[in-house]
Amino acid sequence: MRRLLKWLLPEDDRRAFESEQSELYDARRAREGDGPAARGRRADRRGLVMRLVVDRVKRSASGAARDGGQRVGATDRLGQIWRDLRHSTRSLARTPGLATTIVLTVGLGLGATTAMVSVIQAVVVSPLPYRVADRIVLVRTQHGDNLYNLSVVDYRAIEAQQTGFDEVAAAQLISVTATVGDAVERQRARVVTSRYFSLLGLTPVAGRLFDRSDEHAGGRAVVLTSAYWRTRFGGDPKVVGSSFTIDGAPHTVVGVLGPASGPLEHDIALFEIEDWPTPTRKGPFFLLVLGRLHPTASRAAAAAELQAISRRLFPIWQSSYQDEQATLVPADLKSRIVGTTGEPLWLVAAGVAGVLLIACANAASLLVARALQRRQELAVRAALGASRGRIIGVLLSESVVLVGGAAAVALAVAVGAVRAVTLFGASYIPRVNEVRLAGPALWWLAGLATLSFLLIGVLPAVAASRTARGAGLHGGGRTMTEGPAGKRARRVLVAAEFAVATPLVIAAGLIMGSLTRLLHVDVGIDPTHVITASLSLPAAQYATPAAAHAFWDRARAAFLSEPGVAAFGYADSRPPVDADDINNFDLEDRPTAPGEQQPLCPWIAVTPEFFGAAGVVLERGRLLDERDATASAPPVVVADRAWARRFFETEDVVGRRLHEGGCATCPWTTVVGVVSTVKYVGLDKPDEGTIYLPIGDGQRDRFLVVRTAGPASTIAPTFRAVVHRLDPNLAVSRIATIDDLVTSSTEVPRYLTVLIGAFGLAALILSVVGVYGVMAHFVARHTRDIGIRMALGGEPSRIRRMVVLSGLRVVLAGVAVGIVGAGLLTHLMTSVLFGIAPTDPATFIGVSAVMILVAAVGCALPARRAANVEPAVILRDA
Amino acid sequence: MARDALQPFELQVLVAALRIGDDAYSVPIVIELEKYTARRVSQAAVFIAVQRLEARGLVTTRLDDRATDTGRTRRYVRLTPAAKKLLRETRDLQARLWRGLDRLIDRG
């Protein structure tokens, strides 16, 4: 502040102000006390600086006479800038079309890029919003490239034996039926160990979180999330200590989690305390295990310790788990949460940045043309003594005004885009609720706006100032053609636009090709006549397998008596990405070598009627029947065609035997039939086969599978009505036709295609507008030359060809550079592409051809104007 | 002309300086204005107003490095004849404008 004052005020004035200020401070301190007097002094000092700056700028801008010396120097420059900015604003207002185009295109690019930076910052870059997030690790089982969750056996062993973590916790994701008053709802919940919250550093907003005492109290304590507490209990603090029914049994609310939680708590309604039974075998593997590294422990030391625990566990549980190579490892929690979302986000960010670059190049090209049109005005300024710096200043101030306007548009676009992403991206972008348009994003906007200013402003200013200095005042302007520098600058800019647009359009082409292939994948079940829903029976009411079996039988009968229901069955999973159980096995005829990993595939538990209801066709052997589900029956399964081909190619698989879960001491399981292939692990994943086994009577979580006579969606209301009639305390959830499930599984690729496609289209349009602009300007400037050529017998077709080829030369150069760039960049898209190579020649050639063709159309319009020139008119007017 | 018209705050500073007389500088002007307006007055605003008035030839200023009472540096302000003429004109114009309106405005 003192330095600023020194710059703004002559020495005498500054001394007088400071002295008088301290005098007033003394007077005020005596009257009002220290605090107010000091605050007043600070405000006065700030106020003086602000007022001096504004006053001087205004005064120098209006050219008011002042006394000379130091007062003029620095502030005169400010005044000059102020005058230039006002002049530029007025001058741009006279060409509103040009100004609006630049402000909107650059503003859109800037805003979208800023929004994407905010999203990437929040989702990919920022640490997880947990206390000491850098020390929290996820413990996983690793075999080769595969990583799995842990079992209760693993967790108990880590908890008892490790020393590298100061806290360890485990969590299991489940669905529960919560009954609050009359409302019966399915909710997502986590079963957690007592240290879960303290490990993550989470705190309650009411009541308390779990502690050791809850662990052995029968698992009836629950903690609510803030969101669920607000929506279901109206944020009533009295709910702490009260009970409500979860899965048919009363549970006591011990506390409410604070709103400042992280992605692991997102979309969760409540937490139950763990009450896992003592395991009798190594699996199943359903636990998310977290450890917080001790401040002095390294990740490498923790890894070594986990490996030692794995080695100690193996011989103890070898009878139910033979995979000796599988090892417990520390893994990165953030990578697990963010998953593969980072790559599409970077792709979208690259897309918007590309559009921004093209918009800037386009704006620069338009401004070069504008500056050249103003050559005479600039030449007058130069003749009157304006230095080259002054002329560049005048031209740069236009870019400042334009980029300032674009930045304002960008702010609005970024606010809207971030809001849209948080609203629509919630289901497929993790951590999206952490996205904010805050400080760092605004610094990015400022930085990008500065970069845009340099891209837009510098080239036109330098090119035009050079020609302005060189040009005389002669000539009426109409005969002038642009100088070689300006012409070259515009052509280079247009070529650069095509060089950036080509990879973008190729990326759009690749991703569209990928989506088309994905949408043509056959899921294996009739998508329009099969509808499914999830139903869970509470353990409290349906404690025995017989009780559950009786309900499932009644439900089947009730559904089959409904009009429009053609067939009905049960399964524990749904296509195309909902396989509940991915299990390993060992084939009798193809045994896994010791130390090797056993093969894996989805194991889908079904009732015999499932096949008819889903339309899965028997190809060899027999289907499962009622007797297979009984406990005394020998274990049998049905495999699908892809499974049969994977292990036995063309040989018959009926009668082959395997050990489920690799359990060597268990009886053999026999394959009794082969059915048509269904996708259970994703449309984009290769067919590695599926095994169907009889669903157990006691299984209380099932999907209802209904084949309908008419369109499947018309049956949706029947689900709730039928189930409510059978038991009003049950909640049907996740009702969806196979078509719905396929659509939702392709949501991310579809959004990505729309986004990248839109960027590609925007890039193409901007580039073509760019080449059109250059060629139209070229024709306008050369009208007289063209007229003379025509008068001397030039053919209109040759004139047309000349103009089009002249434009296409620029386009071809840009596209060629773009193809090379695309070749280097598209391999980064491998993870988001399905069924198409990142260097797919057909896409590269097709996209380039389309770009050249569209550019040729862009050049053809000015070419036609050139060919229609009337030589007589031109020469008469000359 | 609007450009030549006095801003209300500049007018207040001129009147305060006139009232204070030979000892007018920013501190007594601030205190005087706070007394009459019953509002906090910014010393920076007074300082700037004085600069503007000086640029328009309405006041002259004199730097005193050793003011007799405190030994501090002060810039004393004195009204020029042009300022006194402008104040007279402003006062007369105001008086003419308000003539006969007391009854109307006081009646509420």
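The contact between the chains takes 16 residues from chain B and 17 residues from chain A, two residues being in contact if their C-beta atoms, placed from the backbone, lie within 7 Å. On the side of chain B that touches chain A, the largest share, 6 residues, comes from α3(B). The elements giving two or more residues to that side are tabulated below; helices (H or I, at least four residues) and strands (E, at least two) are DSSP runs, numbered from the N terminus.

| Element of chain B | Residues |
|---|---|
| α2 | 26-37 |
| α3 | 43-55 |
| β2 | 74-79 |

This is a predicted model, in which local features need pLDDT of at least 70 and side-chain atom pairs count only at pLDDT 80 or more, while totals for chains, interfaces and linings use all residues. Residues are numbered from 1 along each chain as its sequence is written, and chains are lettered from A and ligands numbered from 1 in the order in which they are written.

The largest nonpolar core has 121 residues, of which A:C360, A:A363, A:A364 and A:A763 touch the most other members. Such a core is a set of buried Ala, Val, Leu, Ile, Met, Phe, Trp, Tyr and Cys residues joined through C-beta atoms within 7 Å; a residue is buried if 20 or more other C-beta atoms lie within 10 Å of its own, exposed if 12 or fewer, and partly exposed in between. Helix α12 (residues 342-373) of chain A supplies the largest share of this core, 20 residues. At least three residues come from each of domain 2 (95-129 + 341-477) and domain 4 (481-521 + 739-878) of chain A, with bounds from an automatic or database domain assignment. Apart from this core lies another, of 60 residues, including A:V616, A:I691, A:L693 and A:I715.

Residues up to four places away in sequence aside, A:C360 touches A:V106, A:S452, A:L455 and A:I456. A:L455 belongs to helix α15 (residues 439-470) of chain A and is buried, because 21 other C-beta atoms lie within 10 Å. With neighbours within four places again left aside, A:L455 is in contact with A:C360 and A:A364. The C-alpha atoms of A:L455 and A:L357, 98 residues apart along the chain, are separated by 8.4 Å.

In helix α6 (residues 152-161) of chain A, the buried residues are A:V152, A:V153, A:D154, A:Y155, A:A157 and A:I158. These buried residues pack against β1 (136-143), β3 (165-180), β10 (288-293), α10 (299-316) and β11 (327-332) of chain A.
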